[in-house]
Amino acid sequence: MPDARTLLILCPLVFIGSFVDAIGGGGGLVTLPAYLFVGLPAHLAIGTNKMSSMVGTSFSTLRYIRSGFVDWRLAAPCVVCALGMSFIGARLSMALPEEVFRWVLICALPAVAFVSLRKKSLRQESEPMPRRRRAAVMCAVALACGLYDGFYGPGTGTFLILGYSAVAKLGVRDCAGQTKCANLASNIAGFVSFVLSGQTWLLLGAIASVFSIAGHYIGAGMVVRDGSRIVRPIIICVLAILFAKTLGEAFGLFA
């Protein structure tokens with residue numbers, strides 16, 4: 001059973017991260033650091049984060065499906081690609097020793113945050129492209145992002161949107177539903193891989209999932225003109241705290 005300190009720190013951060021994710025993406029840049037901050041080892045943190053992220057993302061995905069934003073002829077092949085590559089990415093992640101993976105996180109967190117926070121304006125309207133070609137390039141994006149999501153995770157939704165917009169020439173509204181489907185698929189595959197390897201704290205993940213659902217629900221229902229005004233300061237503050245803590249632990253400055 002997780003202790004009260006862990007829940008008091010983790011659950012509000014998972015809620016905030018999910019709220020951020022529903023508004024503008026990038027919520028994993030808050031939720032994964034939250035699990036690390038309360039003291040979970042890197043692999044266990046990623047596996048447990050995938051559980052709560054998977055549950056929260058499923059609610060957003062269902063909302064897009066019910067609203068008719070998913071083109072299944074484009075989305076279905078991407079789901080298959082993301083599923084397969086996410087499983088491979090998760091196996092690669094768990095093959096790294098814990099201490100090596102700690103340094104991977106130290107290097108990856110700032111880089112992913114930089115790319116995600118500096119994302120350019122998305123294409124507002126879809127441009128013409130042969131359907132088969134669009135499906136092929138979307139699958140290529142899903143393969144790359146699925147591998148990344150299984151291995152690490154934060155920022156996957158942002159990378160999918162950017163990829164679909166840049167190479168598949170989809171407008172932001174047309175990106176949304178396809179992105180959620182591929183992201184949910186990669187979350188599921190990564191979660192299954194981590195849980196089968198015993199790298200998921202199921203009880204903690206279940207509790208955090210409640211706050212993830214709440215964050216996604218409230219965030220999706222809010223009308224925010226410029227979500228980055230809320231998203232960016234939250235992500236930067238959480239990353240700065242985690243980065244300092246992780247560096248300190250790596251050099252033995254504090255436990």
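Which helices each supply at least two residues of the lining of the largest cavity? They are α1 (4-24), α2 (28-37), α3 (42-66), α7 (156-167), α8 (172-196) and α9 (202-221). Helices here are DSSP runs of H or I with at least four residues, strands are runs of E with at least two, and both are numbered from the N terminus.

This is a predicted model, in which local features need pLDDT of at least 70 and side-chain atom pairs count only at pLDDT 80 or more, while totals for chains, interfaces and linings use all residues. Residues are numbered from 1 along each chain as its sequence is written, and side-chain values use heavy atoms, with hydrogens and water left out.

**Overall fold.** The protein chain contains 10 helices and 0 strands. Of its 255 residues, 50% are buried (under 20% relative accessible area; exposed is over 50% and partly exposed lies in between, with a 1.4 Å probe and protein chains only). Among contacts with a separation of 6 or more, 82% join residues 24 or more positions apart; a contact means heavy atoms within 4.5 Å. The chain exposes about 11,900 Å², of which carbon and sulfur atoms supply 68%, by the Shrake-Rupley method with a 1.4 Å probe.

**The cavity.** A cavity is a set of points, on a 1 Å grid over the protein atoms alone, where a 1.4 Å probe fits but cannot get out; lining residues have an atom within 4 Å of a point. Grid points are joined across faces, edges and corners, and the volume is the space filled by probe spheres set on the points. A search of the whole structure finds 1 cavity of 30 Å³ or more, and the largest cavity holds about 260 Å³. Its lining comprises 23 residues, with D21, G27, G28, S53 and N187 nearest the centre. Helix α3 gives the most to this lining, with 4 residues. The lining divides by class as follows.

| Class | Lining residues |
|---|---|
| Nonpolar (Ala, Val, Leu, Ile, Met, Phe, Trp, Tyr, Cys, Pro) | 2 residues |
| Polar (the others, Gly among them) | 18 residues |

**Helix α2.** Helix α2 is largely enclosed by the rest of the structure, because 9 of its 10 residues are buried. Among the buried residues are G28, P33 and Y35. Just after α2, G39 takes a positive phi of about 105°.

**Residue P110.** P110 lies in helix α5 (residues 98-117). With a relative accessibility of 37%, P110 counts as partly exposed. P110 and A240 are 130 residues apart in sequence, and their C-alpha atoms are 8.9 Å apart in space.

Terms used:
1 Å grid on protein atoms, 1.4 Å probe; cavity = no way out; pocket = protein on both sides within 12 Å on 5 of 7 lines; lining within 4 Å.
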